[in-house]
Protein chains: 2
Amino acid sequence: MAASAARAAQRVVIVGGVAGGASCAARLRRLTETAHITIFERESAVSYANCGLPYRVGDLITDDSKLFVASAAKFKSWFNVDVHTSHEVLSIDRKARTITARDLASGREFDAPFDALVLSPGAQAIRPPLPGVDLPGIFKMKTVPDAAAVRAFIEKHKVKSAVVIGGGFIGLEMVENLVHRGIQVTLLEAGPQIMPPLDPEMVAPIYDVLADKGVVVALNDGVAGFEQGPDGTGLVVKTAGGAAYPTDMAMLVIGVRPDTALAKAAGLDIGQRGGIRVDEHMRTSDPGIFAVGDAVETKDWITGDWTLCALAGPANRQGRIAADNIAGRSSAFRGTQGTSVVGVLGLTVAATGASEKALKRAGLAYAKVYTHANQHAGYYPGASTIDFKLLFDPKDGAILGCQATGWEGVDKRVDVVAALMQKRGSVYDLEEAELCYAPQYGSAKDALNLAGMGRVAANHLRGDHPLAQWDEMARVRGEVEAGTAVLVDVREPAEVARGTVEGALNFPLSTLRANLDQLPKDKRCYVFCQVGLRGYNATRQLLLSGRDAVNISGGWRSAQQAAPGGGASKL
Amino acid sequence: MAASAARAAQRVVIVGGVAGGASCAARLRRLTETAHITIFERESAVSYANCGLPYRVGDLITDDSKLFVASAAKFKSWFNVDVHTSHEVLSIDRKARTITARDLASGREFDAPFDALVLSPGAQAIRPPLPGVDLPGIFKMKTVPDAAAVRAFIEKHKVKSAVVIGGGFIGLEMVENLVHRGIQVTLLEAGPQIMPPLDPEMVAPIYDVLADKGVVVALNDGVAGFEQGPDGTGLVVKTAGGAAYPTDMAMLVIGVRPDTALAKAAGLDIGQRGGIRVDEHMRTSDPGIFAVGDAVETKDWITGDWTLCALAGPANRQGRIAADNIAGRSSAFRGTQGTSVVGVLGLTVAATGASEKALKRAGLAYAKVYTHANQHAGYYPGASTIDFKLLFDPKDGAILGCQATGWEGVDKRVDVVAALMQKRGSVYDLEEAELCYAPQYGSAKDALNLAGMGRVAANHLRGDHPLAQWDEMARVRGEVEAGTAVLVDVREPAEVARGTVEGALNFPLSTLRANLDQLPKDKRCYVFCQVGLRGYNATRQLLLSGRDAVNISGGWRSAQQAAPGGGASKL
């Protein structure tokens with residue numbers, strides 16, 4: 001009878017026991033006690049927190065054991081899931097419905113049958129075959145042993161300098177943690193900006209923070225190879241631009257690539273972005289084979305295009321959804337918003353939805369506004385500015401995405417927008433959002449209300465508040481030179497003295513009404529202030545006086561962040 | 001020509017220049033340059049931040065000037081709004097379309113005509129005519145002079161002890177700030193709990209925080225009167241229950257009442273909750289008279305009932321909406337969610353939507369779940385628990401409200417729920433919410449995902465996860481005594497040793513599968529663990545084994561907070 005029960009039971013094999021795979025196993029067990037669930041994981045542990053690895057290097061996480069969310073033993077005792085760590089799955093025989101696995105310790109290979117297969121292989125750190133890439137002292141950051149190796153190297157070689165290659169999430173987190181350890185860091189980024197998923201002006205404040213900590217940042221210059229140091233110790237990082245950075249060690253964290261080797265070899269569909277193609281039920285082109293996590297392509301929430309998203313939250317949800325479908329429940333993945341956050345030496349940068357770059361690439365119409373409001377009441381100690389960018393549909397105000405940068409409360413604002421986007425919310429919903437307010441938590445008009453309301457997005461749509469952007473300044477300059485427009489700085493003279501746009505007239509809002517006659521009636525007035533609020537009020541005055549007026553979104557603060565190279569004088 | 005323009009211009013009179021009135025004036029000026037806008041404010045300043053007053057007493061806000069958001073001079077220069085401070089509006093002549101105002105400094109009375117009138121008188125601190133209520137040393141906390149008076153009294157009399165009467169928002173903020181000043185505080189609350197808008201179990205952690213700081217809390221005992229101290233200095237606060245608290249000073253902060261005197265005298269409709277009755281355009285029963293802010297009744301977001309809501313955010317939005325409608329735009333107030341937050345000595349307590357008490361009062365069907373998840377990844381230093389309560393519609397999962405208590409990230413979670421509620425979101429949206437995750441900001445499965453997902457709300461609706469509540473224990477006890485049910489603690493023995501429910505069997509989840517046969521097949525199993533996660537997994541095992549099983553929401557941590565008096569042993 002036991003044998004007959006075993007024959008009848010569904011055999012589920014899961015390849016990869018982190019995030020998506022682990023979630024899938026746990027969820028599936030909650031749906032059925034009879035399935036035989038087996039996880040094969042090539043690393044020596046399952047369910048480890050790879051998002052914590054940089055902080056293990058920085059000693060904020062003081063013990064490897066804290067990184068292990070659930071052990072193989074716990075999977076067995078809680079969930080009756082058989083976990084084979086240090087086992088690599090070599091191939092899938094779709095016809096025979098088996099996989100072939102290798103025990104990495106003994107070298108033994110064996111087949112395992114499946115009725116359902118879940119691929120959760122994750123992504124591989126990109127490691128181009130550069131000259132010298134295998135020299136000692138060059139590390140990636142994907143697994144607990146990677147972090148341990150970096151720690152050991154730092155301690156053994158008393159590392160004083162490091163080059164971090166790649167300015168994305170992991171690169172910036174590594175910079176922070178190496179700085180924490182007192183190491184002099186150089187950050188090398190092949191592209192024109194760090195944090196490529198965000199728009200360039202929104203990451204501008206990061207450069208200042210890095211500079212404050214003595215981090216050298218080199219943009220537009222990719223790694224070309226590595227050499228051993230001249231005295232036989234250390235490294236020299238050579239760049240495509242011809243630079244050479246002598247250093248004690250290097251982190252090669254230039255991104256990840258979906259691990260699709262198994263899926264490709266088995267003939268499963270691969271998408272144009274290089275990930276395993278799945279439907280909304282996380283089914284691959286073989287209906288008995290599912291795939292989840294960093295290895296798959298999913299639909300972008302805004303553009304509807306296929307996208308890669310190496311984030312833990314979606315991976316976990318996809319694992320649950322695969323389990324549901326294996327158990328006969330038709331749950332579906334809604335798509336990926338790309339909500340993400342990174343902390344850099346106290347500064348927080350977060351985003352959700354589409355960036356302006358992504359909207360341009362997708363050819364979607366959008367409008368944008370910038371605000372620079374405090375995270376909490378200005379009169380309560382510790383107020384600091386959140387630089388906020390909101391992208392929305394110019395027709396109906398539907399929110400397309402947002403990005404925020406600041407010292408406190410950044411993730412909160414992005415999470416609220418992410419939640420509204422989950423419901424296809426609009427700028428009008430931001431305007432009416434009823435958020436927590438006490439002086440130490442927010443403002444009666446929260447930064448998000450401001451972004452949605454009056455001086456910005458919703459009024460822009462209603463036609464009350466024509467907006468221009470600093471990136472349109474070439475056109476604006478043309479109008480000014482043609483004599484059809486003027487630039488009007490409505491800040492007080494003391495503010496103007498600290499810097500303004502060349503050729504701008506100064507009409508402080510506080511005395512604008514009295515001096516209105518001095519402004520031409522037949523020229524468009526491009527108005528700006530420090531952050532946009534006074535500019536909005538001035539624009540309304542000018543419009544109501546019968547003039548053509550436009551407020552430049554985000555004011556002088558946005559100008560300073562928008563100008564290429566950070567120098568607003570170039571505008 | 002000037003005279004004719006003046007005759008044609010709309011005359012708008014605003015009574016009260018804080019929050020709603022100030023927002024209305026600024027917004028209206030942005031919509032029209034021709035209206036004559038006049039604010040009458042009985043205090044000596046407009047647009048002051050009364051939410052900051054407790055922190056001025058505590059010296060966190062170091063200067064009165066920080067509390068003034070906008071001066072009368074700024075209203076004139078920015079907005080061309082005439083502000084009359086220290087002017088009380090005495091009456092409204094609806095037929096003549098005038099108000100009568102008194103200059104409080106000179107005593108002069110005069111009439112002012114209006115085409116549109118906006119009432120933003122706010123709410124009055126409740127000050128019952130108790131014996132001794134006018135003795136020196138008894139204060140309210142509504143205006144900047146109130147805070148100054150308390151500061152001066154503390155300094156002059158070297159105050160060492162204070163009794164705070166009223167355990168609501170202002171009461172708790174006053175307790176915090178008096179504690180900051182080294183004052184021994186007694187908190188007196190007439191009702192059975194502090195923070196009456198929340199459910200009692202959600203404020204339970206506050207008592208511990210107060211006790212840690214030496215604050216004495218007396219519940220269920222209201223103030224009956226005041227006497228001078230026996231030696232001629234200080235006070236004795238006498239209670240209805242017969243207690244007497246000798247003290248150096250007392251804060252009488254037992255709540256506020258809409259200031260409807262003007263509206264009543266003018267014959268405007270007053271609602272059954274005692275506020276001025278307005279429609280969604282903020283119009284009173286006289287279509288030329290608007291009312292906004294703490295003085296009005298609005299529609300509750302969930303119950304649809306009329307409600308009073310003395311919060312700055314809604315007041316500001318209502319002011320804008322009144323201005324829109326005066327300017328001929330038909331904007332509407334969506335209703336009040338009651339989103340609110342209070343900080344108490346480092347602990348944060350926040351809520352949005354309906355409480356369980358409110359749902360019971362309204363006779364609305366609801367289900368509830370408790371979770372106790374960390375604010376960020378457990379493996380990152382500084383992880384702390386957020387006690388979270390979610391109320392939702394048992395039929396479709398629509399979110400009805402939430403409450404949260406903890407040390408960090410509390411306002412973020414409530415704001416996300418508030419945003420989802422703005423879009424009539426459900427537990428399924430929480431389950432799928434894609435929120436910021438890096439170890440120092442959240443978790444791959446955020447506390448909100450958990451509340452919506454698997455072990456809780458969404459699965460409860462799908463029937464996967466039958467839930468019971470600690471407040472049903474009388475019924476559960478009955479079933480146990482009748483032999484139809486058992487209580488099963490699935491925690492490890494070391495945890496059970498620190499306390500459990502009397503009579504509960506102990507079957508740790510880690511060995512439950514092996515010992516399943518020892519659990520009766522014919523009795524319902526009421527399962528609990530520490531916070532609910534293991535209980536959920538155990539419940540699924542028991543259900544899948546053919547047993548009737550129910551998980552007790554929130555586990556032993558909820559039990560400790562739910563038990564009256566805080567002692568779970570009474571369950």
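How many residues of chain B are in contact with chain A? In this predicted model, 87 residues of chain B are in contact (heavy atoms within 4.5 Å) with 87 residues of chain A. Residues are numbered from 1 along each chain as its sequence is written, and chains are lettered from A in the order in which they are written. Local features need pLDDT of at least 70 and side-chain atom pairs count only at pLDDT 80 or more, whereas totals for chains, interfaces and linings use all residues; side-chain values use heavy atoms, without hydrogens and water.

**Interface between chains B and A**

- The two chains bury about 7,500 Å² between them, 54% of it on carbon and sulfur atoms; buried area is the accessible area (1.4 Å probe) that two parts lose on being put together, summed over both.
- In chain B, the residues that lose the most area to chain A are Trp78(B), Tyr379(B) and Glu434(B), together 12% of what that side buries.
- There are 18 salt bridges between chain B and chain A, each a side-chain nitrogen of Lys or Arg within 4 Å of a carboxyl oxygen of Asp or Glu.
- One of these salt bridges joins the side chains of Arg317(B) and Glu434(A) (3.6 Å, N to O).

**Strand 10 of chain A**

- Strands are DSSP runs (E, at least two residues), numbered from the N terminus.
- Strand 10 (residues 161-165) of chain A is largely enclosed by the rest of the structure, because 5 of its 5 residues are buried, that is, under 20% relative accessible area (1.4 Å probe, protein chains only).
- Ser161(A), Val163(A) and Ile165(A) are on one side of the strand, and Ala162(A) and Val164(A) are on the other.
- In a regular strand the side chains alternate between the two faces of the sheet.

Technical notes: Buried means under 20% relative accessible area, exposed over 50%, partly exposed in between (1.4 Å probe, protein chains only). Helices (H or I, at least four residues) and strands (E, at least two) are DSSP runs, numbered from the N terminus.
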